Amino acid sequence: MDPIRLIRSRTVVMPGTNIDTDQIMPARFLTTTTRDGLGKHLFADWRYDSQGKPIADFVLNQAEAVGCQILVAGRNIGCGSSREHAPWGLYDFGFRAVISTEIADIFRSNSLKNGLLPIVVDAATHQWLIDHPGAEVVIDLEARRVSLPNGTSVEFPIESFARYCLLNGVDETGYLLSQDAAISAFEKRRAS
Amino acid sequence: MTPTTLFDKIWAEHEVVPETTDTPAVLYIDLHLTHEVTTPQAFSMLRSRGLKVRDPKRTFATMDHSTPTLADQLFGRVPIKLESAARQIEQFDVNCREFGIELLGVTHADRGIVHIIGPELGLTQPGKTIVCGDSHTSTHGAFGALAFGIGTTEVGHVLATQCLLQRKAKSLAVNVEGDLPSGVTAKDLILAIIQKLGVAGGTGSVIEYRGSTIRGLSMDERMTICNMSIEAGARAGLIAPDETTFAYLKGRRHAPQGADWDKAVAHWRTLVSDPGARFDHELHIDASKLKPMITYGTNPGMSVAIDETVPVITGDAVYAKAIDYMGLTPGQRMLGQKIDTVFLGSCTNARLSDLEAAAAIIKGRHVAKGVTFLVVPGSQQIKRQAEALGLDQIFLAAGAEWRESGCSMCLGMNGDLVARGAYCVSTSNRNFEGRQGIGSRTLLASPAMAAASAVAGCVADPRPLLA
């Protein structure tokens, strides 16, 4: 995984609340056996009509969305299914961060493991972002700060170990494997 | 000693390395359930790193999500219609064989929905940590197990190390008191709880369902409750094990036997929240006031009692979009809303007692003209049990379809779909946009209401049909 320190990007805004992972990645695309190429299916049922043509007024189909790395979404994005295909699709499309006032547990955990920063901000900051789509935002993972172009900057919470892994481009699998002795000792203790 | 919760106790028993400010806990996982959809990329990771499965005996596999429910496809008399699903099923078979994992393959007599067969085979037991790449893993909490859904990267973690990195969640007590009125089911209770909590009310928490109402529920009913914990955003749902739990498990294939059974039960009896244990949050529900529930919107929190109307909410664009998607009108009654499809199935409501409840209503009656009624048992065992009781004949005589087990119409990825714009009264767990197929409109309800609605051809109250 590539290390992440700073994300500087315009935002795409999807203000709806409770955007579930069935919308982010509909179930019919889950029959894949790889994690590649899911970006083209991202929000498929909101993005394409029944003929498969892009729906012009959907935000991801607009010219301004091209190259945006930050998705600002309504409260409780990522609720529902545990499918990791949702963050895989967002990442493949080009997103590197999702900002909301609340992010569902499993989606947040899956995102952190795939270089997609789940960022929870206060209601006022969130409202400003909702009201200013396309704003140039800077996310500083090392400082745990989101800076808005209006000069304000807020701190965001992020699990310390996940942050360490993201900053250094290491994954949790390696860390867990390094715990082998402790795991073996635990197994032995329980068996006795 | 400080009184602790059931969640605290299970957590403490599985801490390989406790959490610190800098690092999450290394939590040991007793049972890892797997299926064909959320695992292929995890096995690929093992291969690319040259890793083995640490303890293949702790991982158990079945086919359910993309697996067809039509017998001809399932038993290979005709090819599986969805090519990508067929490839996925084949790949899972290869993966399980290569890594030495026991798989109940497509034609196995004990195959079924992963959250139905875990308990059925006695794999699910009190005090265990149980994970699966599926959010409805919360179902197993009905046995007093700490059970939660994980992503595919974490599936890889468990395969490779039998552990997960976890921060401890908060605790939420949902206290339910009072007798459920006649005709009001566990499904109605959990829909009412989610309505009260909201779909994010449980985020960051493990719910423990408590109180006299919960104690009085059967294991099937408890599973329905815990299954939908995730629909309130909760990490997991828990119910303390008791005599009902032990009676269910005794004699099941993977349950402890003989002296081991007595030892296990003695331990299981300690798995309760101590008197005075503190929860981070509490919610109180009076079950005696509840009525049959039905959803009208596009998330499981958007529900009303059967005699209520779709709420009138102005100035809320998200609400307006949901109601527009559903093709409903604020202020209208749900009772009498015309429907096209009825689905009785899923890990929420496809156990034998669910099929019996629906059969009791539909017996001697007929599915309304123009309505498709799909009945999908939760496992092949349940299917055989139902057939031994003649339930299949009751459904078939009424004009319903009787299928092989699987996730089926709960999610549109195995060929069982609700048509665009069609209304489906469904005993499943999610009414998200497009969940049952592109443009599908899902109305979540109990098996009894599903059967009553199939007969009426519209949303119907099951209570008048309960003889």
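**Sheet, helices and interface**

Mentor: Six bridges join strand β9 (residues 170-177) of chain B to β12(B), and the two run parallel. Keep in mind that this is a predicted model.

Trainee: Which residue of β12(B) stands opposite B:Leu172?

Mentor: Strands β9 and β12 of chain B run parallel, joined by six bridges. Across from B:Leu172, the residue in β12(B) is B:His281.

Trainee: Which strands are the edge strands of this sheet in chain B?

Mentor: The sheet is open and has four strands in chain B, with parallel pairing and the order β11-β10-β9-β12. An edge strand here pairs on one side only. The twist from one strand to the next averages 20 degrees. The edge strands are β11 (236-238) and β12 (281-286) of chain B.

Trainee: Which helix lies across β9 and β12 of chain B?

Mentor: The helix in question runs at about 130 degrees to β12(B). It spans residues 186-197 of chain B and is α7.

Trainee: Is α7(B) roughly parallel or roughly antiparallel to α9(B)?

Mentor: Helix α9 of chain B covers residues 219-227, and its axis is 9 Å from that of α7(B). The two pack at an angle of about 25 degrees. Angles under 35 degrees count as roughly parallel. Therefore α7(B) and α9(B) are roughly parallel.

Trainee: What is the handedness of that crossing, and how many charged residues does the contact of α7(B) with α9(B) have?

Mentor: The crossing of α7(B) and α9(B) is right-handed. On the α7(B) side are B:Ala186, B:Lys187, B:Leu189 and B:Ile190, which meet B:Glu221, B:Thr224 and B:Ile225 of α9(B). By class, that contact has four nonpolar residues, one polar and, as charged residues, two.

Trainee: Is B:Glu19 buried, exposed or partly exposed?

Mentor: B:Glu19 sits in the loop between β1 (15-17) and β2 (25-28) of chain B. Beyond its neighbours within four places in sequence, its contacts are B:Pro24, B:Ala25, B:Arg167 and B:Lys168. A residue is buried at 20 or more other C-beta atoms within 10 Å and exposed at 12 or fewer. Because B:Glu19 has 17, it is partly exposed.

Trainee: How many residues of the side of chain A that touches chain B are polar?

Mentor: Contact between the chains involves 42 residues of chain A and 52 of chain B. Elements giving two or more residues to the chain A side include α4 (105-112) and α8 (180-191) of chain A. That side has 12 nonpolar and 13 charged residues, and its polar residues number 17.

Key. Residues numbered from 1 in each chain as written. Chains lettered and ligands numbered in written order. Predicted model: local features only at pLDDT ≥ 70, side-chain atom pairs only at ≥ 80, totals over all residues. Pairing = 2+ DSSP bridges. Axes fitted to C-alpha atoms, helices over the stretch in contact; angles between N-to-C directions. Contact = placed C-beta atoms within 7 Å. Parallel < 35°, antiparallel > 145°, perpendicular 65-115°, else oblique. Left-handed = near helix turned anticlockwise from the far one by under 90°. Nonpolar A, V, L, I, M, F, W, Y, C, P; charged D, E, K, R; others polar.
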